[in-house]
Amino acid sequence: MFEGDISGIQSIKQLRNAIIGRNYRWPNAVIPDVISASFNLEGRSAIARALMEYHNKTCIRFLPRSIQPDYIVLIVLSKGNNNGTYKPKSS
C-alpha cells in the first residue's frame, strides 16, 4: 500500500510513466500553459498550489507558454464561478 490508499503500489517509481507511448507524452515532461485572466486571485492561488503539488510529486513541469504550438489553457467555466478546467491547444 502506497501513501495509505493505493493498493498494490510499493513506491512512487511504480506510479510514474502512466502513458507508455512516448509520442503521447509532453516533450521533456514540460507542459506549456496559459491561465485565463478571468480567474480571480483566489483561483490563481489555488492553481499555483495545485501545480506546485505536481512539481513536488512528479516529473511533470508546468511552465507559462511562450511560443510553443501545443499548450493547455486553464479557463473559467462560467461567469461568477471560478471553477476552471483546461482545454488542450494544438497547432
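## Asp33 and its surroundings in a predicted chain

Setting aside residues up to four places away in sequence, Asp33 touches Leu51, Phe62, Leu63, Pro64, Arg65 and Ile72, where a contact means heavy atoms within 4.5 Å. The model is a predicted one, in which local features need pLDDT of at least 70 and side-chain atom pairs count only at pLDDT 80 or more, while totals for chains, interfaces and linings use all residues. Residues are numbered from 1 along each chain as its sequence is written, and side-chain values use heavy atoms, with hydrogens and water left out.

The chain contains one helix and four strands, arranged from the N terminus as β-α-β-β-β; helices (H or I, at least four residues) and strands (E, at least two) are DSSP runs, numbered from the N terminus. Of the 91 residues in the chain, 18% are buried, a class that means under 20% relative accessible area, with exposed meaning over 50% and partly exposed lying in between (1.4 Å probe, protein chains only). Among contacts between residues at least 6 apart in sequence, 45% join residues at least 24 apart.

Asp33 belongs to strand 1, which spans residues 30-35. Asp33 is buried yet has no salt bridge, and the nearest side chain of opposite charge, that of Arg44, is 8.2 Å away.

The C-alpha atoms of Ile35 and Ile72 lie 8.5 Å from each other, although the two residues are 37 places apart along the chain.

The structure holds one aromatic pair, formed edge-to-face by Tyr54 and Phe62 at 5.6 Å centre to centre, with 75° between the planes. Rings of Phe, Tyr and Trp (its six-membered ring) pair if their centres lie within 6.5 Å, and planes under 30 degrees apart count as stacked, over 60 as edge-to-face and the rest as tilted. Arg65 lies over the face of Tyr71, 3.9 Å from the ring centre, which requires NZ of Lys or CZ of Arg to be within 6 Å of the ring centre and within 35 degrees of the ring normal.

A search of the whole structure finds one salt bridge, in which the side chains of Glu53 and Lys57 meet at 3.2 Å, N to O. Because Glu53 and Lys57 are four residues apart in helix 1, about one helical turn separates them.

Relative accessibilities for several of these residues are as follows.

| Residue | Relative accessibility | Class |
|---|---|---|
| Phe62 | 13% | buried |
| Ile75 | 23% | partly exposed |
| Ile35 | 25% | partly exposed |
| Tyr54 | 41% | partly exposed |
| Glu53 | 42% | partly exposed |
| Lys57 | 45% | partly exposed |

Notes: Lys and Arg count as positive and Asp and Glu as negative; His and the chain ends are not counted. A salt bridge is a side-chain nitrogen of Lys or Arg within 4 Å of a carboxyl oxygen of Asp or Glu.
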